[in-house]
Amino acid sequence: MSSENHKDHAALAAKFNKDEARVDWHDQTLWFVRAKRDKAAAAVPDWELLRDTASRIKENVLSNLSEYLRQFEEAATRNGIMVHWAADAKEHNDIVLGILRKHKVDRMVKSKSMLTEECHLNEYLKENGVEVIDTDLGERVVQLADEPPSHIVLPCIHWKKEEIGQLFHEHLGTPEGNADPRFLTHAARLHLREKFLTRRAALTGVNFAVAETGEFVVCTNEGNADMGAHLADVHIACMGIEKLIPQRRHLGVFLRLLTRSATGQPITTYSSHFKRPRPGQEMHIVLVDNGRSTHLGRKDFRNSLKCIRCAACFNTCPVYRRSGGHSYHTAVAGPIGSILSPNLDRKKYSDLPFASTLCGSCSNVCPVKIDIHEQLYKWRQVIVQEGNAAAAKTAAMKTMTWVLSNPGVYHASGKAGRWFMLNVPFTVKNKWNAWYLQRELPEPPKQSFGQWYKKNRKV
Amino acid sequence: MRVGLFIPCYVDQFYPQVGIATLELLEKLGCTVVYPPDQTCCGQPMANSGFEHLTGECTNLFVKNFNEFDYIVSPSGSCVLHIKEHSHETAGIHNKIYELVEFLTDILNIDHLDASFPYRVGLHQSCHGQRGLHLAQMSELMAPPFSKPAQLLNMVKKIQLIDLDRKDECCGFGGTFCVAEEAVSVKMGKDRVADHAKHGAEIITGSDMSCLMHLEGILRRQKSPVTVKHIAEILNSNIES
């Protein structure tokens, strides 16, 4: 894939940080969600055991994926669902368009599906004359604003209610200046109801697909997936191939973890099982690879496919909270996005594994125990080894290594701090030094510890 | 007990007082401490930037310098974690290297200290020490709380430890992250500093000088009266009033 429009997390994050009050608001809003998650998790006895169990089930799925996929296809087909296989985003988009064309549908409702964001389905359908209305409230907000979601669970978390009031005033004709959340939600409800009633096709995502039974589960708080699917003649569900779980009873593990991790709720308001089309309805499921089987073959990175898209790692990430989802310039932002995206395009997303302090909080909140921060570290090594690091950085690192590998050279400066002052980026006092822009430099002491030791202890 | 003292490069160059406090403290507690003069760096700055493949010589040098000791102790959780995870297992280094705090609590098993420090102190839990070396329970996990640095600080007379709103949020240093992602790094640091200041800290302490160097840079730019001190300096203090 090409890397045109190269975007960089650090630059986009710096832009986001121009408005410090907004950064504070964004940080506190998401920290509130993290705190709710802590409270919900603490209320479950054996939370850590539950995480461990979920992780093991998903490990089992990844180790036997082809078997489970075949089992699922067979069971779903038996249930009357039409199963499609898509090797990549383009095939996925073509399959969806094909189904719509077959039914002569040019208007569709869609509930939340990060997979379709990953495949840029909306843009593709629009180019082909199909109108898509996102029915998740947050997604509808960003759709009206012509933006991608900034968070996979809370798509418009970067929008303030006053701004949404203005957006609705412009697009839905609500009174100017009305920013009452209840009022705005009601306005959206009326607006969306008309769409639900008039669209003949509905697309949903999939949270869990059960290999044993051929059914799939869709979790929403707004019931919008149900409303769309139940009213439509054609229901298309799109899922990444890693969304499988072996048996229905395993839902007891995942449904308890998902929403507690995501928003601190005990469970989503709607956890709907779809098993067979109702009489007269057509139900399709599109199983999408789009790089997943390649990813599965990478020993160090495969377990990121355990992800259940709860976004707990977003909410806890001190960098995400202070840089905003759009700074990641990818469909799935945050720490998990930073380890998934390089699989899709290593050059375009070469900045993302570096958009972290490796603090490790993400790995600790992850309900399926993905070693996110360790994978960030490992991606850095891969990116540099493949030649995607800047030449200046490589040269600096080589010099630094040479000095630090040779005690004679290290000590040769003779005077404390001299080498550091010349070679370590944060020790030069000028406006090109990123350290010094908003921080003072450490004051160099008269002597190094090594020099002090020589004088004060018998060597 | 022969202890090899590992003083990270930037501590050697910028914060000799932290090395001195660590040395004096270990000596007070009865250890025979030796500082191998040819030591330089653990290799972490390169490795975390994606250049782990260049750090072989740094690691070899480290092994050469420290192989002979019963224990290796360092006042930096981050550097210790790096050595633990990246030194060749054959050298056995990873089994005998300790961050200072855990060496005091887990190997020396100290239960009292002759130290006094009459200030209000905020404890910054550095991530690599906490989440990597498990110096303290992590707020994300549903597990019983503990804190090895707090355990030691509570042995210091007259100290007042303050609480924080976010007890283990990262400060934003992150190695080369501090310059590569300057805006976010600084914002994270400012927010940490504000949390400590809000709760009346006079001193911010921790077991990683790199985090404290970053926070100090922000405090001094803000002309804040709050200062930083490495935990070794506090544990080695005898200030009555």
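Student: In which loop of chain B does Lys158(B) lie?

Tutor: Lys158(B) is found in the loop of chain B between helix 8 (148-153) and strand 6 (160-161). The model is a predicted one, and that applies to everything below. The backbone of Lys158(B) has a phi near 65°, a positive value in a residue other than glycine. Most residues other than glycine have a negative phi. With a relative accessible area of 48%, Lys158(B) is partly exposed.

Ala311(A) sits in the loop between helix 13 and helix 14 (312-316) of chain A. The relative accessibility of Ala311(A) is 3%, so Ala311(A) counts as buried.

Helix 13 of chain A covers residues 292-296 and contains Arg292(A). Arg292(A) counts as buried because its relative accessibility is 7%, under the 20% cut-off. Leaving out residues up to four places away in sequence, Arg292(A) touches Leu115(A), Glu118(A), Gly240(A), Ile241(A), Glu242(A), Leu305(A) and Arg309(A). Another buried residue of chain A is Ser341(A), at 2% relative accessibility. Ser341(A) belongs to helix 16 (residues 334-344). With residues up to four places away in sequence again left out, the contacts of Ser341(A) are Thr330(A), Val332(A), Tyr349(A) and Leu352(A).

Next come the helix contacts between chains. Helix 23 (residues 449-456) of chain A and helix 2 (residues 16-28) of chain B have axes that come within 8 Å and cross at roughly 45°. That angle makes helix 23 of chain A oblique to helix 2 of chain B.

Helix 18 (residues 372-385) of chain A packs with helix 3 (residues 44-51) of chain B at an angle of about 75°, the axes being 7 Å apart. Helix 18 of chain A and helix 3 of chain B are therefore roughly perpendicular to each other. Here Tyr377(A), Arg380(A), Gln381(A) and Val384(A) meet Ala47(B), Asn48(B), Ser49(B), Gly50(B) and Phe51(B). The contact of helix 18 of chain A with helix 3 of chain B divides into 4 nonpolar, 4 polar and 1 charged residues.

The rings remain. Over all chains there are 17 aromatic pairs. In one of them, Tyr71(B) and Phe103(B), the ring centres are 5.4 Å apart and the planes stand at 65°, so the pair is edge-to-face. Tyr71(B) is in strand 3 (residues 71-74) of chain B and Phe103(B) in helix 6 (residues 100-107) of chain B, so the pair ties together parts 32 residues apart in sequence. Tyr71(B) is partly exposed, at a relative accessible area of 21%, whereas Phe103(B) is buried, at 0%.

Charged ends also sit over rings. That of Lys160(A) lies over the ring of Trp25(A), 5.0 Å from its centre. The charged end of Arg221(B) sits over the ring of Tyr436(A), 4.8 Å from the ring centre.

Conventions:
Residues are numbered from 1 along each chain as its sequence is written. Chains are lettered from A and ligands numbered from 1 in the order in which they are written. This is a predicted model: local features need pLDDT of at least 70, side-chain atom pairs count only at pLDDT 80 or more; totals for chains, interfaces and linings use all residues. Side-chain values use heavy atoms; hydrogens and water are left out. Axes are lines fitted to C-alpha atoms, for helices over the stretch in contact, and angles run from 0 to 180 degrees between N-to-C directions. Helices (H or I, at least four residues) and strands (E, at least two) are DSSP runs, numbered from the N terminus. Angles under 35 degrees count as roughly parallel, over 145 as roughly antiparallel, 65 to 115 as roughly perpendicular and the rest as oblique. Rings of Phe, Tyr and Trp (its six-membered ring) pair if their centres lie within 6.5 Å; planes under 30 degrees apart count as stacked, over 60 as edge-to-face and the rest as tilted. Buried means under 20% relative accessible area, exposed over 50%, partly exposed in between (1.4 Å probe, protein chains only). A charge sits over a ring if NZ of Lys or CZ of Arg is within 6 Å of the ring centre and within 35 degrees of the ring normal. Contact means heavy atoms within 4.5 Å. Ala, Val, Leu, Ile, Met, Phe, Trp, Tyr, Cys and Pro count as nonpolar, Asp, Glu, Lys and Arg as charged, and the others, Gly among them, as polar.
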